[in-house]
Structures are given as C-alpha cells and as structure tokens.
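This report covers a pocket, a helix pair and a sheet. The chain and its model are shown first.

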Amino acid sequence: MIDPDHKKLSLSRQCQMVNISRSSVYYKPRPISAENLKYMRLIDEQYLNRPFCGSRGMRDHLRRLGYKVNRKRMQRLMRLMGLEPIYPKPRTSRPHPAHKVYPYLLKDMTIDQPDQVWSADITYIPMNKGHMYLVAVMDWHSRKVLSFRVSNTLDTAFCVEALNEALDRFGRPQIFNTDQGAQFTSNEFTSTLKDGIAISMDGRGRCQDNIFIERLWWTLKYQYLYLWSFNNSTELRQGLGQWFEFYNAERSHQALDNLTPD
C-alpha cells in the first residue's frame, strides 16, 4: 500500500491519501519475549486441564509455580492466545456484532453415521520462538480429522481454507457445528456452508457442545506437541500432517469399539 521509494509522492503524502499515521509505517513489531512465551506455554497447559480458569486463576497458578506475575499480564497473554474462561457470562462475551449467530442443533441428537455432523475449532500452539494457531475440521461420528491449517494470526482465511479442503475431499455433511468465534460467524465462512448444510453453533461458554474436538486438542498436545519442539511453521505443518495421519489410520478409539477413525 505504501511505497517508500515512490518517485512522485512523498511518504507523508501517501499516508495522507490512505488516511493512516506516518508512525505506523515506521513501526516494527517486537517479537514476544522468551519469558512471555514460557508463561503462554504454562497457561496453555493449565487451560487444557482447567478451562474455567480466568486471569486470576492463571495468576495464582503461576505464582504457585514460583513465578512473579500479575493479573494484567495474564489478561494480555490470554487475549493474545484467544483464550477465555468457561463460565456463565451475562452478555459480556459476544461474537462479532455484525455476524449472524445460528442456533445449536445437536441437543439430544443421535449421531450414528459419518458425514452427519462435522465440527471445527481453533487452538493455540506454542513454538520454540513465537506461536501459531491451528484449525481442524473433524467428523463427529468417526472422530476423523478431515483437514487442518495453521496460521500466525487469528484470521478467517485459514479457517475457510481448511473448510474448503474438507468439502473438496469428503463431500458435504448434513450439519456443521462450531463455536461463536468471529472466524466461524463471518460471512466468508458461513456462506460456504449455506448450500445444503445446516449451520449449528455452540452456546456461549459451553465447551461440552463441541467436546469431541476439545478432546482432540488435549490428545494432540499431550501425546505429540508437548513432546517435540518446532522451530518454524514448515516443521509444524509437516509434523501435524504426520500425526493426523497416525491419528486417523492407526490410533484406535474406545468409543469406536477400538477401531480407528479411518
């Protein structure tokens, strides 16, 4: 958008034309400190086991581990990670106000065949330097991971890419369930589903509505991600691809009479 080497327009004039401050052009974001990355890893581990913990609970947990942290830092890091505690909240946590929210369709439903219900969710992944976000699309009945994408930002594009890959490879489900995150309520995501797919969304603060994919995150992190280290996104994508192949083809599930998702 801004060309510092433009021969006719000065940098100041270009900023005026696109209505942005000149300081934003010179700004270079600082990387997350090693200390904060360590705290984010500890927060992620605790959140998997205690998803009801908010910033106060995380502060107390880290203090018990011997770290001198305050609540303000915990709030900032949890916001960066896209985490919020699960508890009843009277209109304090809402999706994007311009996005339509769809009702939850799975209550008391018997899900007994593949492609009856798919779901998607996003989780935080700690790296050696920095962090990434992972989105996966799963078939509820078989527990099969149909597609995944990783991104360094919580945008909508990588969620839509994962959805399109799953639809291209495996057809269309009857129902697609997500939480009420802005990525999933966006027009780009829901418009892809509207052609013959019923859209279902979890109630606010109800992780049990999407419990199968929450269990997937727990399994993935404790049985793989926390046992290995990744230096860059390429290593992470390759590793995740191999692990999901193992998960789909080799790892048996008690709920499936010890069959694999495949």
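How many nonpolar, polar and charged residues are in the lining of the second largest pocket? By class, the lining has 5 nonpolar, 4 polar and 3 charged residues. Here Ala, Val, Leu, Ile, Met, Phe, Trp, Tyr, Cys and Pro count as nonpolar, Asp, Glu, Lys and Arg as charged, and the others, Gly among them, as polar.

## Basis

This is a predicted model, in which local features need pLDDT of at least 70 and side-chain atom pairs count only at pLDDT 80 or more, while totals for chains, interfaces and linings use all residues. Residues are numbered from 1 along each chain as its sequence is written, and side-chain values use heavy atoms, with hydrogens and water left out.

## The second largest pocket

The space in the second largest pocket is about 230 Å³. A pocket is an open set of points on a 1 Å grid over the protein atoms alone, where a 1.4 Å probe fits, with protein on both sides within 12 Å along at least five of seven lines; lining residues have an atom within 4 Å of a point. The volume is the space filled by probe spheres set on the points, which are joined across faces, edges and corners.

Helix 9 (residues 211–223) gives the largest share of this lining, 4 residues. Among the lining residues are Phe212, Arg215, Leu216, Thr219, Tyr247 and Arg251. Helices (H or I, at least four residues) and strands (E, at least two) are DSSP runs, numbered from the N terminus.

## Helix 9 against helix 10

Helix 9 packs with helix 10 (residues 233–249) at an angle of about 120°, and their axes are 12 Å apart. Axes are lines fitted to C-alpha atoms, for helices over the stretch in contact, and angles run from 0 to 180 degrees between N-to-C directions. Leu216, Thr219, Leu220 and Gln223 of helix 9 meet Leu240, Trp243, Phe244 and Tyr247 of helix 10, where contact means heavy atoms within 4.5 Å. These residues comprise 6 nonpolar, 2 polar and no charged.

Five strands form an open sheet in the order 3-2-1-4-5, with mixed pairing; two strands pair if DSSP finds at least two bridges between them. Strand 3 (145–151) and strand 5 (198–201) are at the edges with a single partner strand each, so one side of each has no neighbour in the sheet. Strand 1 (residues 117–126) runs parallel to strand 4 (residues 175–178), joined by 3 bridges. Ser119 has Asn177 of strand 4 as its bridge partner.

Helix 9 also packs on the sheet, touching strand 1, strand 2 and strand 3.
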